[in-house]
Amino acid sequence: MKIGVLALQGAFLEHEQMLDRLGVAHFQIRQLSDLSCPMDGLIIPGGESTAIGKLLNSLDMMSPLREKVKEGLPVFGTCAGMILLANEIENDPKRYLQVMDICVKRNAYDRQLGSFFTRDLFAGQEIPMTFIRAPYINKAGAQVEVLSTVDGHIVAAREKNMLVCSFHPELTDDTTVHAYFIEKMVKKV
């Protein structure tokens, strides 16, 4: 098994460290040719969704990446990754991959000062959650399974081959979310 980690901007190194802790092989995706490398899953990290989106477009990676996800490649998007995967962004006219039937609100918890840490349930298990300028899901389609809510807002969900979360599981020592992605989505394929 090998996981591709989009390494254009954001917390990709931290995701790689989590995969190392789980004993999962991985490689960085930095250019179009990297998308042709065999991979069993993909992680789109948190960072700045606008910057990542611009880079995906300028490197001609947006359409091929969209097609891979549509064809069933398991993908896990955190924070900005969730924004990139969303069909709709409530407070931003930009659209990116548009593959998941969710509407997200960017910077839903306000700016950097609105960042926070909590413990709550993810797929029935309590885990630590770090939110940094985080979005949340304010609308989810009928096929979307809600995996976590915090203060009444959807912060983690799954649809078919796609897993997203508002928080940054890669910034804690807890491997629950990454293990869920590997065990429930990647190995299942």
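This is a predicted model: local features need pLDDT of at least 70, side-chain atom pairs count only at pLDDT 80 or more; totals for chains, interfaces and linings use all residues.
Local features were taken at pLDDT of at least 70 and side-chain atom pairs at pLDDT 80 or more, whereas totals for chains, interfaces and linings use all residues. Residues are numbered from 1 along each chain as its sequence is written, and side-chain values use heavy atoms, with hydrogens and water left out.

The secondary structure comprises five helices and 12 strands; these are DSSP runs numbered from the N terminus, with helices (H or I) of at least four residues and strands (E) of at least two. Along the principal axes, the C-alpha trace extends over about 40 × 35 × 30 Å. Of the 189 residues, 53% count as buried, where buried means under 20% relative accessible area, exposed over 50% and partly exposed in between, with a 1.4 Å probe and protein chains only.

Four aromatic pairs are present. Rings of Phe, Tyr and Trp (its six-membered ring) pair if their centres lie within 6.5 Å, and planes under 30 degrees apart count as stacked, over 60 as edge-to-face and the rest as tilted. Phe116 and Phe131 are stacked, because their ring centres are 4.5 Å apart and their planes meet at 10°. Phe116 belongs to strand S7 (residues 116–122) and Phe131 to strand S8 (residues 125–131), 15 residues apart. Phe116 is partly exposed, at a relative accessible area of 23%, while Phe131 is buried, at 1%. In the pair of Phe122 and Tyr180, the ring centres are 5.3 Å apart and the planes stand at 85°, so this pair is edge-to-face. Phe122 lies in strand S7 and Tyr180 in helix H5 (residues 176–186), so the contact ties together parts that are 58 residues apart in sequence. Both Phe122 and Tyr180 are buried. One aromatic cluster is formed by Phe116, Phe131 and Phe167.

Helix H5 is mostly covered, with eight of its 11 residues buried. Among them are Thr176, Val177, His178, Tyr180 and Phe181. Met185 also lies in helix H5 and is buried, with a relative accessible area of 3%. The C-alpha atoms of Met185 and Leu35 are 19 Å apart in space, and the two residues are 150 apart in sequence.

Strands S10 (residues 145–150) and S11 (residues 153–159) pair in the antiparallel sense over five bridges; pairing requires at least two DSSP bridges between two strands. Ile154 in S11 is the bridge partner of Thr149. Two residues separate the strands of this hairpin, and Asp151 takes a positive phi near 50°.

The largest pocket holds about 180 Å³ of space. A pocket is an open set of points on a 1 Å grid over the protein atoms alone, with protein on both sides within 12 Å along at least five of seven lines, for a 1.4 Å probe; lining residues have an atom within 4 Å of a point. Grid points are joined across faces, edges and corners, and the volume is the space filled by probe spheres set on the points. Of the 14 lining residues, Gly47, Glu48, Cys79, Ile132 and Arg133 are the closest to the pocket centre. The lining divides into five nonpolar, six polar and three charged residues. Here Ala, Val, Leu, Ile, Met, Phe, Trp, Tyr, Cys and Pro count as nonpolar, Asp, Glu, Lys and Arg as charged, and the others, Gly among them, as polar.
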